[in-house]
Amino acid sequence: MSMIAAFYSGKSILITGATGFMGKVLMEKLFRTSPDLKVIYILVRPKAGQTTQQRVFQILNSQLFQKVKEVCPNVHEKIRAIYADLNHNDFAISKEDMQELLSCTNIIFHCAATVRFDDHLRHAVQLNVTATQQLLLMASQMPKLEAFIHISTAFSNCNLKHIDEVIYPCPVEPKKIIDSMEWLDDAIIDEITPKLIGDRPNTYTYTKALGEMVVQQESGNLNIAIIRPSIVGATWQEPFPGWVDNLNGPSGLIIAAGKGFLRSIRATPMAVADLIPVDTVVNLTLAVGWYTAVHRPKSTLIYHCTSGNLNPCNWGKMGFQVLATFEKAPFEKAFRRPNADFTSNLITSQYWNAVSHRAPAIIYDFYLRLTGRKPRMTKVMNRLLRTVSMLEYFVNRSWEWSTYNTEMLMSELSPEDQRVFNFDVRQLNWLEYIENYVLGVKKYLLKEDMAGIPEAKQHLKRLRNIHYLFNTALFLIAWRLLIARSQMARNVWFFIVSFCYKFLSYFRAPSTLKV
Ligand SMILES: CCCCCCCCCCCCCCCCCCCCCCCCCCCCCC(=O)SCCNC(=O)CCNC(=O)[C@H](O)C(C)(C)COP(=O)(O)OP(=O)(O)OC[C@H]1O[C@@H](n2cnc3c(N)ncnc32)[C@H](O)[C@@H]1OP(=O)(O)O
Ligand SMILES: NC(=O)C1=CN([C@@H]2O[C@H](COP(=O)(O)OP(=O)(O)OC[C@H]3O[C@@H](n4cnc5c(N)ncnc54)[C@H](OP(=O)(O)O)[C@@H]3O)[C@@H](O)[C@H]2O)C=CC1
């Protein structure tokens with residue numbers, strides 16, 4: 001019997017960010033392994049024309065929750081969507097709902113965040129810092145609370161090369177930052193943002209670091225733990241391999257590469273690709289929830305959920321396996337044949353951007369114009385290259401994260417818990433994982449049918465022929481222009497033509513004799 005699963009039975013659990021990538025997998029696992037849990041409260045806002053109830057309905061009816069429905073048929077009764085917007089200081093939760101949350105919650109998993117790299121500092125502070133502070137204030141008023149688990153990121157201290165499971169202070173206190181966001185106007189915030197984030201690459205990593213400081217400072221008597229996952233990817237095993245539902249991290253780039261838009265990237269092939277499957281993060285999170293509530297460590301423990309020091313893989317190997325999977329199961333209606341040119345050199349990368357990305361987009365837009373359609377490829381390419389430039393920071397460096405607490409926790413688990421809540425990344429076979437990831441992107445993100453693979457392969461063959469034809473035409477035009485201008489080129493051309501003529505005459509002579 002799993003002790004962790006038994007621990008969550010009968011519990012009332014509050015999850016923020018339950019509609020996000022990690023939140024959904026967390027809920028799924030909780031319902032599947034502890035179907036006797038009392039209730040999961042989720043803080044949800046209406047979005048994209050959907051009410052909170054409609055959003056929950058959509059999640060429960062998704063493929064991800066199919067197994068849950070078998071083991072927990074009354075899952076819809078155990079999930080309680082509470083209207084909340086973390087952009088508001090009091091989360092805009094109704095009095096009645098707040099009362100229920102305060103009096104019933106046993107465990108909190110705080111996953112909500114803005115993960116956009118380019119978010120305005122004011123918004124990133126509100127979501128990743130102020131909302132965390134507010135939630136801690138709520139938690140301090142919950143008499144039945146046993147543990148508060150905060151999800152941060154392994155990159156909150158990406159300005160360092162070696163990162164321990166400790167909180168590194170930022171120069172300006174989070175409270176000062178929160179206060180200043182209230183009276184500074186946007187223009188001034190824009191001006192001071194680069195100074196505040198310092199040698200971090202974006203507002204996301206900076207505000208996640210501030211969020212950790214807030215957790216440490218406001219922890220009071222609460223049982224708190226912080227989890228720092230690295231780059232979270234598709235599921236490894238559970239509930240099935242390859243599940244993914246958003247474009248963050250590598251997923252968007254896999255689409256861009258598979259569709260032939262992205263054919264080169266400024267990346268260091270030997271740099272460690274610290275990817276971690278989302279189900280591994282969720283298993284660790286649930287184990288940490290149990291450990292924090294039951295063992296009540298004296299201080300706030302931080303757990304690194306990373307792969308680099310236990311089972312390292314580099315970007316080169318991953319890119320290679322991504323391409324190998326495209327060969328087996330190409331994406332439909334590709335713009336060009338997938339390719340992967342890695343370069344760590346800025347000038348070479350700019351060259352490839354011009355030749356492999358911008359030029360084909362301009363030519364395609366020219367073709368669209370000629371055929372009376374609206375050009376759009378240059379715009380798409382510009383947005384893609386902007387996205388890639390924001391991710392480049394993470395594929396040109398390697399970090400070392402110590403994992404003492406995570407390994408300690410692993411050794412504390414019973415063999416059954418180690419199996420059911422497996423977060424031992426040493427067991428991960430990267431090639432298999434990446435293949436399933438790419439297939440998952442095709443299936444769950446692009447919603448492409450595997451039956452369409454032969455047609456996709458045919459399409460790639462046609463693209464290859466167009467590519468050869470285009471290159472041949474380009475060569476002939478260039479050559480024609482050259483021989484029109486250069487005597488030397490004309491001499492070379494004359495030499496080649498007369499050589500070919502002699503060669504052909506040699507073979508034609510005996511055949512004429514036979515006739
Ligand atoms: C697994 C193997 C990887 C290999 C994959 C590639 C293989 C082949 C490639 C060929 C070349 C060579 C190979 C190279 C090998 C290296 C591979 C690189 C892998 C990249 C790894 C990424 C590392 C991420 C690091 C994360 C560190 C921190 C982790 C965290 O803690 S948090 C989670 C991470 N957060 C994010 O990822 C958010 C990032 N996104 C944003 O901030 C924003 O979306 C934005 C980039 C600023 C863009 O914002 P916009 O305002 O423009 O709007 P929008 O968000 O609506 O999106 C605009 C369009 O861009 C598309 N898009 C969004 N995200 C991505 C994405 N990640 N990749 C590609 N495209 C993306 C989106 O769909 C929109 O498209 P449109 O509608 O058509 O315009
Ligand atoms: N994905 C990754 O690679 C990594 C993620 N992390 C951390 O993991 C956690 C979860 O990330 P992930 O699931 O990938 O992120 P997602 O972007 O998929 O999910 C973010 C969640 O936060 C919610 N949220 C955002 N703004 C608000 C708001 N104003 N009010 C209420 N809810 C809000 C979103 O709700 P809605 O659906 O309404 O937008 C969504 O449920 C985050 O803390 C992130 O920092 C850490 C390392 C890597």
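**View 1. Helix H15 and the shell around ligand 1 in the predicted model.** The shell comprises 36 residues, of which Thr153, Asn248, Gly252, Ala257 and Gly319 come nearest; a residue is near a molecule if its C-beta atom, placed from the backbone, lies within 6 Å of it. Two or more residues come from each of helix H11 (250–258), strand E9 (264–266), helix H13 (315–328), helix H15 (377–395) and helix H18 (430–445). This is a predicted model, in which local features need pLDDT of at least 70, side-chain atom pairs count only at pLDDT 80 or more, and totals for chains, interfaces and linings use all residues. Residues are numbered from 1 along each chain as its sequence is written, and chains are lettered from A and ligands numbered from 1 in the order in which they are written.

View 2. Gly17, Gly20, Leu86, Ala113 and Val232 come nearest among the 28 residues around ligand 2. Helix H2 (21–33) and strand E8 (231–233) each give at least two residues to this shell, with H2 giving the most, 3 residues.

View 3. Because 16 of its 18 residues are buried, H12 is largely enclosed by the rest of the structure; buried denotes 20 or more other C-beta atoms within 10 Å of the residue's own, exposed 12 or fewer, and partly exposed in between, with C-beta atoms placed from the backbone. Arginine 296 follows H12 and has a positive phi, near 40°.

Note on methods
Helix = DSSP H or I, 4+ residues; strand = E, 2+ residues; numbered from the N terminus.
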